[in-house]
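Subject: Structure handover

Hello,

I am passing on the structure we talked about. Please have a look at it first; my notes follow below.

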Amino acid sequence: MGAVPGRRGRSAIQPSPVFLAIAGATVLFGLIAWRYGENPDKPARIALFGFVLSAWVLSLSVHEFGHAYMAYRSGDRSVAAKGYLTLNPLKYSDVLLSFVIPVVFILLGGIGLPGGAVWIERHSIRGRLRHSLISAAGPLSNAIFAVMLAVLYKNFAHQDHGVFWLGIAFLTFLQVTAAILNLLPIPGLDGFGIIEPYLPRRWADQAAAYGGYAFLILIAILWIRPINNAFFDGVYNITDALGVGEFAVALGHSLFTFWNS
């Protein structure tokens, strides 16, 4: 990714110490999980938990950064002043929606729930396509993460480091669920943001007014068994196509929830 010019010739993209600490934690826990090889004892499961959790928060930061970076390139310079280009999760508009709730959902149900988007100065951006691309940038980052992780798993996974690779399998699953949920054309999600510029303004405004309720309804619907089964069947079809089997994902999730042992 090329540097974006900023004030006084500096790049506007300045990864924050907070983001670097999250990246460091991901690497550290990943190395510990790798060291435990194929022995899924309690310390190994705790290491896998730390690896998956920190990697998930890292991917959420990149998701929000994707929105901000595309907005910056499309004409909204305010995202730099707001700190969105630092990848610091504490700078994003709603830490509760963007990080806390998604983390809680992977702890409770193993679902990669999408977070809240950054605040974009839409009036600074011209062209419907640019607005759509800004909304698409977040779930695109999840899709790229999923493909990258799946390629690593498919080509390098080995039982000698089984704990680590099962964590990779579960992370792939989380990225796929996040991409799918984000792309749903529901107010409050990125999928709606992609099509919103092409809707009549009156329709878009009315839908946006109920965005928070629509999001809550989606969460509730996901707990209905037939819909839940259909959703996860679709997710597993995608992970299977990527070369990450359902059994590996389920086992990775089981190891992740070390408190259930």
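Predicted model: local features only at pLDDT ≥ 70, side-chain atom pairs only at ≥ 80, totals over all residues.

The chain as a whole

The chain has 11 helices and 0 strands. Read from the N terminus, the order of elements is therefore α-α-α-α-α-α-α-α-α-α-α. There are 261 residues in the chain, and 48% of them count as buried. The accessible surface amounts to about 13100 Å², and carbon and sulfur atoms account for 66% of that surface. Taking contacts between residues at least 6 apart in sequence, 74% join residues that are at least 24 apart.

Around Asn88

Asn88 sits in the loop between helix 3 and helix 4. Apart from its neighbours within four places in sequence, Asn88 is in contact with Ser16 and Val18.

Ser16 belongs to the segment before helix 1, which covers residues 17–35. With a relative accessible area of 7%, Ser16 is buried. Which residues does Ser16 touch, not counting those up to four places away in sequence? They are Thr86, Leu87 and Asn88.

Leu87 is buried, with a relative accessible area of 8%. The backbone deserves a note here. Most residues other than glycine have a negative phi. Leu87 is not a glycine, yet its phi is positive, at about 60 degrees.

The salt bridges

How many salt bridges does the structure hold? It holds 2.

Arg201 counts as partly exposed at 46% relative accessibility, and Glu196 counts as partly exposed at 21%.

Helix 2 and helix 11

Two packed helices are described by the angle between their axes and the distance between the axes. For helix 2 (residues 42–74) and helix 11 (residues 246–256), the axes come within 8 Å and cross at roughly 105 degrees. Why is helix 2 called roughly perpendicular to helix 11? Angles of 65 to 115 degrees count as roughly perpendicular, and the crossing angle of roughly 105 degrees therefore makes helix 2 roughly perpendicular to helix 11.

On the side of helix 2, the contact is made by Arg45, Leu48, Phe49, Val52 and Leu53. Helix 11 contributes Gly252, Ser254, Leu255 and Phe256. By type, the residues of this contact divide into 6 nonpolar, 2 polar and 1 charged.

Two further pairs

Val100 lies in helix 4 and is partly exposed, with a relative accessible area of 39%. Val100 and Val57 are 43 residues apart in sequence, and the distance between them is 9.4 Å, C-alpha to C-alpha.

Leu133 is found in helix 5 and counts as partly exposed at 39% relative accessibility. Between Leu133 and Ser74 there are 9.3 Å in space, C-alpha to C-alpha, and the two are 59 residues apart in sequence.

Regards

Key: Residues numbered from 1 in each chain as written. Heavy atoms only, no water. Axes fitted to C-alpha atoms, helices over the stretch in contact; angles between N-to-C directions. Helix = DSSP H or I, 4+ residues; strand = E, 2+ residues; numbered from the N terminus. Parallel < 35°, antiparallel > 145°, perpendicular 65-115°, else oblique. Contact = heavy atoms within 4.5 Å. Nonpolar A, V, L, I, M, F, W, Y, C, P; charged D, E, K, R; others polar. Buried < 20%, exposed > 50% of the residue type's maximum accessible area, 1.4 Å probe, protein only. Areas by Shrake-Rupley, 256 points an atom, 1.4 Å probe, with all protein chains shown as cover. Salt bridge = Lys/Arg side-chain N within 4 Å of Asp/Glu carboxyl O.
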